[in-house]
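User: I would like a close look at one part of this protein. Please keep the explanation plain.

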Amino acid sequence: MTPENTSQDPRRFLGMNAISARWTALVFFLTYSLLALSASTGVHNLVIVEAAVVLVSVAAGVLVAWPGDPLPFPVAVGVTSVGPISTALVLWQLPAPIHNPLQTWPLSASIALYTFSCVRGRTATAWAGMTATVAVCVAWTLATDQSPITGLSMAVINYAPLAMATFFALTFRPVAKAVFELREQSRTRAAEDAATSAALDERDSQLARLDFLARPLLMRIAAGEELAPADRVACALLEAALRDSLRAQGLHDEAVENAARSARQRGVHVVLLDDGGLVTAVQDAGTRLRGAVAAALDTAESGTVTARILPPGRPMLASILTSNDAGDRRIDVDGHGYEQSVVL
């Protein structure tokens, strides 16, 4: 999973959102700052010790807040390298032997980083970082004329929580992945159900409309009644209205339908087309466009009125062409639904 795709980030499973990440880093910083200050007896340079506190706090913040799963390898290497670096910074400021066990706080800070690194999918780097930290402890004891067993005893105990974190990660991550997949399947199924429901509702609506408009004439035709000229005109008008609803769905509303029907009754040839440009138009453009089409139809007394919604990506949203004995007049409608008249 890339950093841009965080839908399956284990931080979400654990509730580690942006606010909690900041609080976690702050608590981490304050905790180890207090440890460093409360165990400062014999420390050569407290500023370097506090710099180590800042370093591990930044690493904790990065570990918690950085998106992506698993944690990107360069980031994981940077976080795990903080353990041996901060341990070296602090140990070389301590007296030998140390005065207070709390002075070895970088070891507990490091194991905290490494345990969550396992959760973030970087178990190998966590073990490498812990091994490097142990090596730093051994090197410090040798440099201060102490037994290497002392360095090992200081740090090797931290392998126990790291082993538990590794076991937890091996069980937690597959479960988290399964949960995320189930959530995605549920969202997909819900979207499919919603689309199906919407399609069924639209079908029922169209069937009800067709039943209302066409049934009376169809019943008369089925009964064998002879149709009067007015009935034939009504059939033609109904056929044209049904054709408009299929070919020009973006122009379909009550005002345009009534205006088109009235225009056809006056002998105007009406052509309505929709090539999909409303999909990318602004929200109110369709309302203004339909108003312009209805107005053009209302003013037409003869000839032809062709209204077409253009395909997406065109400079104009639609065009309305009026042709009669007086000449041709085109109205271009821009992407916001406003008219721009062009006389041909």
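At what angle do helix α4 and helix α5 pack, and how far apart are their axes?

Analyst: In this predicted model, helix α4 covers residues 73–91 and helix α5 covers residues 105–119. The two pack at an angle of about 175°, and their axes are 9 Å apart. Because angles over 145 degrees count as roughly antiparallel, α4 is roughly antiparallel to α5.

The residues that make the contact can be named on each side. From α4 come Val-79, Thr-80, Val-82, Gly-83, Pro-84, Ser-86, Thr-87 and Val-90. From α5 come Trp-105, Pro-106, Leu-107, Ser-110, Leu-113, Tyr-114 and Ser-117. Sorted by type, the contact of α4 with α5 has 9 nonpolar residues, 6 polar ones and no charged ones.

Another contact, elsewhere in the chain, involves aromatic rings. A pair of aromatic rings is described by the distance of the centres and the angle of the planes. The count here is 1 aromatic pair. The ring centres of Trp-127 and Tyr-159 lie 5.6 Å apart with the planes at 25°, so this pair is stacked; planes under 30 degrees apart count that way. Trp-127 belongs to helix α6 (residues 123–143) and Tyr-159 to helix α8 (residues 159–222). The two are 32 residues apart, and the pair links distant parts of the chain. Trp-127 is partly exposed, its relative accessible area being 31%.

Glu-257 lies in helix α10, which spans residues 254–265. Glu-257 is also partly exposed, at 26% relative accessible area.

Notes:
Residues are numbered from 1 along each chain as its sequence is written. This is a predicted model: local features need pLDDT of at least 70, side-chain atom pairs count only at pLDDT 80 or more; totals for chains, interfaces and linings use all residues. Side-chain values use heavy atoms; hydrogens and water are left out. Axes are lines fitted to C-alpha atoms, for helices over the stretch in contact, and angles run from 0 to 180 degrees between N-to-C directions. Helices (H or I, at least four residues) and strands (E, at least two) are DSSP runs, numbered from the N terminus. Angles under 35 degrees count as roughly parallel, over 145 as roughly antiparallel, 65 to 115 as roughly perpendicular and the rest as oblique. Contact means heavy atoms within 4.5 Å. Ala, Val, Leu, Ile, Met, Phe, Trp, Tyr, Cys and Pro count as nonpolar, Asp, Glu, Lys and Arg as charged, and the others, Gly among them, as polar. Buried means under 20% relative accessible area, exposed over 50%, partly exposed in between (1.4 Å probe, protein chains only). Rings of Phe, Tyr and Trp (its six-membered ring) pair if their centres lie within 6.5 Å; planes under 30 degrees apart count as stacked, over 60 as edge-to-face and the rest as tilted.
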